[in-house]
Amino acid sequence: MIRQYLILFMFFLLLGGCAHQIDTKTTLYDDWKPRLAAQKTWQVEGKLAFISPEERQSANLNWQQTTNSNNLILTTFIGTRILSLKQTANGAELEFDGDEYFDTNAAELLKRLTGFTLPVDNADNWLKGTIDDQSLVVDELGRAKQVLWFDNAGKKWQIDYGTYVQNAGYWLPTKLTLKHQQIKIKIQLYDWQFKQV
């Protein structure tokens, strides 16, 4: 009889623990947007498609940011590394086609060597959907829907945010499209991770 009570107690304890885990994952911070903007240590995985009149390219992406660095890794769909772009306060380092290249401007380095135009210098704001601009259009939940924005080089981008997921207390973009002149970049994000502070 004691054994049955013990088994029942363990079952409810396990059930309570599972319910608690689900609850903490789906609870949204009341001030989720400023908290997300202040969150400077994150990692996300996804897919990227680069479309221009001349070519179409696609890759898997792994983007990591810490307080001191930003690291973008693109791989093929079978896992072969295409490039690795690391930014620090000292500049940018690009590993591409078996060689290493350095510059003070990460976006220009990427464009010059690969042909990709991507505003990597400002990724922390536009990728998380916390960009702050007077042209910003938000939905009824305060999430970014569209913005017309200029990067550090003065290039004008239209960014459209398609879908969001609720995770780690935040609303996080899962689909977004960047457009600059005839260039279109489609990004799908599916695994956001944050350092808990």
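Which side chain meets that of Asp 124 in a salt bridge? The partner is Lys 40, with an N to O distance of 2.7 Å.

The model is predicted, so local features need pLDDT of at least 70 and side-chain atom pairs count only at pLDDT 80 or more, while totals for chains, interfaces and linings use all residues. Residues are numbered from 1 along each chain as its sequence is written, and side-chain values use heavy atoms, with hydrogens and water left out.

**Salt bridges**

A salt bridge here is a side-chain nitrogen of Lys or Arg within 4 Å of a carboxyl oxygen of Asp or Glu.

| Lys 40 | Asp 124 | 2.7 Å |

Asp 124 belongs to helix 4 (residues 123-128), and Lys 40 to the loop between helix 2 (32-38) and strand 1 (42-51), so their bridge ties together parts that are 84 residues apart in sequence. Helices (H or I, at least four residues) and strands (E, at least two) are DSSP runs, numbered from the N terminus. A network of salt bridges links Lys 40 and Asp 124 with Lys 128.

Burial is classed by relative accessible area: buried is under 20%, exposed is over 50%, and partly exposed lies in between (1.4 Å probe, protein chains only). Asp 124 is buried at 8%, whereas Lys 40 is partly exposed at 35%. Arg 143 and Asp 139 are both buried.

**Surface charge**

A patch of positive charge on the surface is formed by Arg 56, Lys 179, Lys 184 and Lys 186. Patch members have over 30% relative accessible area and no salt bridge, and like charges are joined within 9 Å. Lys and Arg count as positive, and the place of a charge is taken as NZ of Lys or CZ of Arg. Of this group, Lys 179 sits in strand 10 (residues 170-180) and is partly exposed, at 33% relative accessible area.

**Asp 97**

Asp 97 is located in the loop between strand 5 (91-96) and strand 6 (99-103). With a relative accessibility of 66%, Asp 97 is exposed. The C-alpha atoms of Asp 97 and Ile 82 are 7.3 Å apart in space, and the two residues are 15 apart in sequence.

Methods:
Patch = residues over 30% accessible without salt bridge, like charges linked within 9 Å, V, L, I, M, F, W, Y side chains within 5 Å. Areas by Shrake-Rupley, 256 points an atom, 1.4 Å probe, with all protein chains shown as cover.
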